[in-house]
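Subject: Structure for your review

Dear colleague,

I am handing over the structure below, and after it you will find what came out of going through it. Please read the notes with the structure open beside them.

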Amino acid sequence: MSEEHVNFLGGSPLNRLSWLRTSSVFINTLLASTSTRWVAFQDGKPLIASRAKESRLVLLTTAEVEHFLGPKPYFGQGPSEGAIAAVDLPILEASRFRGAPIVFLGLSEPEPQANDHSPAVPLEELARSLIGTPFFSIDISEVSQTELDRLVQTSAAPAGGFNLSFAEPRGAMRSMNEFDAGVFAEARSMVDWNSRNKFCASCGSRVYSIWGGWKLSCTSLLSSSDNTGRKPCPTQKGLHNITHPRTDAVVIVAILNETQDKILLGRNKKFPANFYSTLAGFIEPGESFQDAVKREIWEEAGVRVRNVKYHSGQPWPFPANLMVGFYAIGDPLEPIRIDLDNELEDAKWFTREEVLAVLEHKEGINFTSSDYKQIASIDERVNVGASVGDALGGDAAVQDGDSQIRSAAALAADGKDEPAFRVPPRTAIAGVLISDWAFGKVPAEIGFKGRM
């Protein structure tokens, strides 16, 4: 599959400079730059400037967030108050013990390879010479409401009637531009990971931040820790995925029939009325992507699939998933079974004409901000398999009511100009897979036919 297709939230617009995360000198020098910008979060909600159908990340200066950063040095802190970390200790590389959680996200460069990243240049000099805008995230969830209100009131809004607020993220991201969406995807996943992991998964001790927010280290490894009567923490040796940010892969699958004029879509029991999407599920240990596709479709719909073809991927920061999109071939003559894992309420084959009628309807992919809030609420309460937001790409309303498909004629008889059913928009990879198939835009290298 060609790598030319970039899904919404993808593109990774920052040079992450990952090999320099261990240097407190480098990161502190970037942080002090007047060009540095910050993306702020409160309980997972980004600070957004919004108007009508447009949302922008509010990019704060270091001066605007300095009050929340805690004591200097901001990176390279020692375990005790006022202490500076020894530069030759790996467990204190760009360490941070005090102040709001912050992460170095990377550098926005005017063009690729705009800078000389030669290792021969001293790190402080390198940081001062970089061309571009350094980006950091800051989590101010523990800040008082009074201070949050003051930050919102004193921050400069873009010209043109924008309002500033900490916004529900699923609703806010849908109207971001590609750059903001890419920065948001990285920042929110990192903020969430740091906020969820407070204790070592190996021994239960508290953890602290190193590598500019990209790694967590166990406090039992510090020379100042009292480990009397305790076994050494397993994280003393080797690599451990619990100390690094995780990304969980989810397969998103559009199943077509042999002639590719029908598509199999399903309704999760938590989906809204009349909402259908592609089938999805998490990768399990010991599986390839193709293995996961075949297992998930069989478990959810009782359909055997073949000819699994990769389409594209999409980072999904709720909290940190990689949605991996595929097409596959199934047989509509096989009986559909939803009684195996009982995850779906319904699954059925749709014709291209039925799907096109939805995509071309003004309400076919239209969802409100309140819909996104309800999705977030359900995702917080439900922790079985892929969340509702993951399975839909986060782009569905959640409501009570009749779950059966009603024909356009029946809706028209009720005086309602509504589509017969709904599907995800193209901000979700499920919506891309569905619409690309419906409009005959499936890339030729996938090996499938175009529009019939």
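A residue counts as buried when its relative accessible area is under 20%, as exposed when it is over 50%, and as partly exposed in between. Please keep in mind throughout that this is a predicted model.

Glu186 belongs to helix H6, which covers residues 178-196, and, once its neighbours within four places in sequence are set aside, its contacts are with Leu14, Arg16, Leu105 and Trp214.

As for the chain as a whole, it has 12 helices and 14 strands, and 50% of its 452 residues count as buried. Among contacts with a separation of 6 or more, 71% are accounted for by residues 24 or more positions apart. The chain exposes about 20900 Å², of which carbon and sulfur atoms supply 50%.

Next, the backbone. Most peptide bonds are trans, and most residues other than glycine have a negative phi. Against that background, the peptide bond from Lys72 to Pro73 is cis, with omega near -5°, and Pro73 lies in the loop between helix H2 (62-65) and strand S4 (102-108). Another cis peptide bond joins Phe318 and Pro319, with omega at about 0°; Pro319 is placed in the loop between strand S12 (306-316) and strand S13 (321-329).

Positive phi values also deserve a look. Ala94, although not a glycine, has a positive phi of about 50°; this residue sits in the loop between H2 and S4, and it counts as buried because its relative accessibility is 1%. Trp211, likewise a residue other than glycine, has a phi near 55° and is found in the loop between strand S7 (207-210) and strand S8 (215-218). With a relative accessibility of 24%, Trp211 counts as partly exposed.

Turning to helix packing, helix H8 (residues 352-359) and helix H12 (residues 429-438) pack at an angle of about 120°, their axes being 9 Å apart, and the crossing in which H8 passes H12 is left-handed. On the H8 side the contact is made by Arg352, Val355, Leu356 and Leu359, while H12 brings Ile434, Ser435, Trp437 and Ala438. Sorted by class, the contact of H8 with H12 has six nonpolar residues, one polar and one charged.

Finally, the cysteines: how many disulfides does a search of the whole structure find? The search finds zero. A disulfide would need a pair of cysteine sulfur atoms within 2.5 Å, whereas the sulfur of Cys200 is 3.6 Å from the closest cysteine sulfur, that of Cys233, and so is too far for a bond. Cys200 is buried, its relative accessible area being 8%. Cys203 is in no disulfide either, the nearest cysteine sulfur, in Cys218, being 3.5 Å away, and this residue counts as partly exposed at 26% relative accessibility.

Key. Residues numbered from 1 in each chain as written. Predicted model: local features only at pLDDT ≥ 70, side-chain atom pairs only at ≥ 80, totals over all residues. Heavy atoms only, no water. Helix = DSSP H or I, 4+ residues; strand = E, 2+ residues; numbered from the N terminus. Contact = heavy atoms within 4.5 Å. Buried < 20%, exposed > 50% of the residue type's maximum accessible area, 1.4 Å probe, protein only. Areas by Shrake-Rupley, 256 points an atom, 1.4 Å probe, with all protein chains shown as cover. Axes fitted to C-alpha atoms, helices over the stretch in contact; angles between N-to-C directions. Left-handed = near helix turned anticlockwise from the far one by under 90°. Nonpolar A, V, L, I, M, F, W, Y, C, P; charged D, E, K, R; others polar.
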